[in-house]
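Thanks for passing this one along. Here are my notes, point by point, for you to read beside the model.

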Amino acid sequence: MKRNYEEKPKLITDVLELAEEMDIPVKFPKNVLAQADAMPDCVSESDMDGREDFREELTITIDGPDAKDLDDAVSLTRLSDGYCLKVHIADVSAYVPESSALDREAKKRGTSVYIGNKVVPMLPKRLSNGICSLNAGEDRLTLSVVMEFDLAGKIRCHRIVKGLINVNERMTYPDVKAILENEDPAIAQKYADLVPMLTDMKELADKLRKRREMRGGIDFDFPEVKFDFNEEDDPVDAHPEYADCATKLIEDFMLAANETVAEEFFGKSIPFVYRVHEEPDEEKAENMIAFIRRCGGTITKKGKSLTPREVQQAIRSLSGKPEEAMASQVILRSMQQARYSTKCEGHFGLAAKYYCHFTSPIRRYPDLQIHRIIHDVLEQPENEDRKMRHYRDILPDVALLSSVTERRAVEAEREGNKLLFCRLMKAKIGQKFFGVVSSVVRWGVYVELPNMAEGLVHVSKLNEDYFHFNEESGTMVGRLGGKEIRVGDAMEVVVSGVDLERRLIDFTPAP
């Protein structure tokens, strides 16, 4: 039975329907909730046995203001000849035994799904927001990566241990940004005890990012859409949200931990789950090269295959030009989809030889599975050979299912954003906006507005001329006047219609 979209239900209703459409489980089975309810509210003395105690060290979390599932914390000490960075990750595996009801449900879900300001979690909230979340002032179990870097940001040694932490402060991205960029002296004063460590953290993060760029890592500086909601959960505005020094700092530290863990376990020849991102296939690479050159960019493919450094240089060649954002989007679409694999085949986008997902076990199943493997290796059980055979048997299925559920989540989040944009723009039918052509297809041109809403101007509505799609140039060309419409062109449009059921927005050229 189709829902009446004119009823304007709250966002949670939209999320439930979209999840059902995408075959994403929403309700937890009773046995899963019962197992979660049986979990403790605090860490017991026996849980602390065999763990390295970091509770006396200054440790913080840095997340979005609304985040409740905090699965990573960081600490940094400045050394005379470098830095000691500790990345502490929630030890979810201590509370989700393999093959338990909780584990089977988490594997089926694969990942938490975020739509607007709602989340369909991988684990029940009693775990994700409770005993597993690294909440300030609470003892928490972790798997911790202790890394030492030299003054240039090159890692020189590391160790992976079972840890015990007590977070000193729950920091937010806006506050950390305000401290590091001297935007608000009052905030810096409020967190005066943290300022020296945060300053050192940014210094190390900048060096890690620079080293990654030097090896060819591709940095797509795309904004994410941020919706504003009223009390009824209706979207009332949207705007692009760009990465800043605070979000980049955490990203750099998590990347360092993920690479370090992946390299160690590859070196041990232990069954593992890696995060793989392959190079673009030949046809897509050639199309991408042609597009970049049409935009006035420079790209040179010296070998048979494109390298990350060549893609990085192409993006830089368009820096500051009107075509930069659209070219970056085209480059991204030309890339292979990242996936999980039991084979360590590298990460093209990061120009990393070794990479895995270790840092988000509350919301990603591969990370949780990796934690179990690390536990078994650290504890060196007598039946290690049997355990390794077990992992060789189950990990291909884990990698495949995790890849499938991740893509399902990405699609759900994309469709969720479309629905939110439709609800937002329905109230703006008849209004004019300046936008930018984001893609050109046979049936028309898509235009993106400053608030990141995207709509279609159907080819039949392009009334200045009789337009047709030129496949070779990727443009719309007028048969009479020869006018071309290409990606990156500015266009003033009128919101002419919104189809909530199909999640589509229609534009017409402004008169």
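1. S269 sits in the loop that links α8 (245-267) to β12 (274-276). Its phi is near 55°, a positive value in a residue other than glycine. S269 is also exposed, with a relative accessible area of 59%; here exposed means over 50%, buried under 20%, and partly exposed in between, using a 1.4 Å probe and protein chains only. Helices (H or I, at least four residues) and strands (E, at least two) are DSSP runs, numbered from the N terminus.

2. A word on the source: this is a predicted model, in which local features need pLDDT of at least 70 and side-chain atom pairs count only at pLDDT 80 or more, while totals for chains, interfaces and linings use all residues. Residues are numbered from 1 along each chain as its sequence is written, and side-chain values use heavy atoms, with hydrogens and water left out.

3. At 59% relative accessibility, D23 counts as exposed. For background, most residues other than glycine have a negative phi.

4. Next, the hairpin of β10 and β11, which has 5 residues between its strands. Strand β10 (residues 224-229) pairs with strand β11 (residues 235-241) in the antiparallel sense over 6 bridges; two strands pair if DSSP finds at least two bridges between them. K226 stands opposite H239 in β11. In the turn, D233 has a positive phi of about 70°.

5. There is also an open sheet of 3 strands, ordered β17-β18-β19 with antiparallel pairing. Its edge strands are β17 (467-470) and β19 (484-485), each pairing on one side only. Between β17 and β18 (residues 475-478) there are 4 bridges, and N470 has T475 in β18 as its bridge partner.

6. How do α9 and α11 pack? The axes of α9 (residues 282-294) and α11 (residues 324-334) come within 9 Å and cross at roughly 175°. The two helices are therefore roughly antiparallel. The axes are lines fitted to C-alpha atoms over the stretch in contact, with angles from 0 to 180 degrees between N-to-C directions; angles over 145 count as roughly antiparallel, under 35 as roughly parallel, 65 to 115 as roughly perpendicular and the rest as oblique. Contact means heavy atoms within 4.5 Å. On the α9 side it is made by K284, M288, F291 and I292, and on the α11 side by M326, A327, V330, I331, R333 and S334.

7. In helix α3 (residues 101-109), the residues A101, L102, D103, E105, A106 and R109 are buried. These pack against α2 (30-37), β6 (118-120), α4 (125-131), α12 and α13 (384-426). Just after α3, G110 takes a positive phi of about 80°.

8. S360 is in the loop between β13 (339-341) and α12 (365-379). Leaving aside neighbours within four places in sequence, S360 is in contact with D71 and D367.

9. Finally, the cysteines. Taking a disulfide as a pair of cysteine sulfur atoms within 2.5 Å, the count comes to 0. The sulfur of C42 is 13 Å from the closest cysteine sulfur, in C132, too far for a bond. C132 counts as buried, at 3% relative accessibility.
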